[in-house]
Structure formats: C-alpha cells, structure tokens
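Visitor: Could you walk me through this model and tell me how each description is reached?
Guide: Gladly, let's look at it together.

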Amino acid sequence: MEARLGVTSQQRMLIRCVGKYPGLTAGQLASLLHLDAGTVSTALGRLEARGLLVRRRDARDARRV
C-alpha cells in the first residue's frame, strides 16, 4: 500500500478516521482505534510533516492538539 498510495495502512486508517470524525484529539483517536496514544501521535506528526493533515492546538488547553 505504501508503494502504491504513498501511505501505510495504519496512516490510511488514521486519515480516514480524522476525515470521518474531525476535531478528535490524538488520545481520542487512539482510544477509538485501540492503539497507544504515542503511536498515534507519532503517526499524525509524520502525516502532518508530509502535508497530509493539519493539527491545531486547542484554544482553551494548549496541551491538547
């Protein structure tokens, strides 16, 4: 999948979930997918670095992205 689409299957799943549920935090997304929050955060960072998604800080709590 990575050679054909340029993303791994895990990254593709994250992109699909973010598209379906915009505004989820990395922790909420990890819980939804039954993955470790650090794993999800790392994958989201890689997707953001490639310009495939944008993460925004929560206006009320800067710790949340």
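Visitor: How many helices and strands does the protein have?
Guide: This predicted model has four helices and zero strands. Read along the sequence, the pattern is α-α-α-α.

Visitor: Which residues make the contact of α2 with α3?
Guide: From α2 they are M13, L14, C17 and V18, and from α3 they are L29, L32 and L33. By class, the contact divides into seven nonpolar residues, no polar and no charged.

Visitor: What makes H34 exposed?
Guide: Exposed means over 50% relative accessible area; H34 has 73%, so it counts as exposed. H34 sits in the loop between α3 and α4 (37–49). Its phi is positive, about 60 degrees, although H34 is not a glycine.

Visitor: How do you know that the radius of gyration agrees with a compact globule?
Guide: For 65 residues, a compact globule would have a radius of gyration near 11 Å; the protein has 12 Å, so the two agree. Along the principal axes, the C-alpha atoms fill a box of roughly 40 × 25 × 20 Å.

Visitor: And how much of the protein counts as buried?
Guide: Buried means under 20% relative accessible area, and 23% of the 65 residues count as buried.

Terms used:
Residues are numbered from 1 along each chain as its sequence is written. This is a predicted model: local features need pLDDT of at least 70, side-chain atom pairs count only at pLDDT 80 or more; totals for chains, interfaces and linings use all residues. Side-chain values use heavy atoms; hydrogens and water are left out. Contact means heavy atoms within 4.5 Å. Helices (H or I, at least four residues) and strands (E, at least two) are DSSP runs, numbered from the N terminus. Ala, Val, Leu, Ile, Met, Phe, Trp, Tyr, Cys and Pro count as nonpolar, Asp, Glu, Lys and Arg as charged, and the others, Gly among them, as polar. Buried means under 20% relative accessible area, exposed over 50%, partly exposed in between (1.4 Å probe, protein chains only). The radius of gyration is taken over C-alpha atoms; the globule rule is 2.2 Å times the number of residues to the power 0.38.
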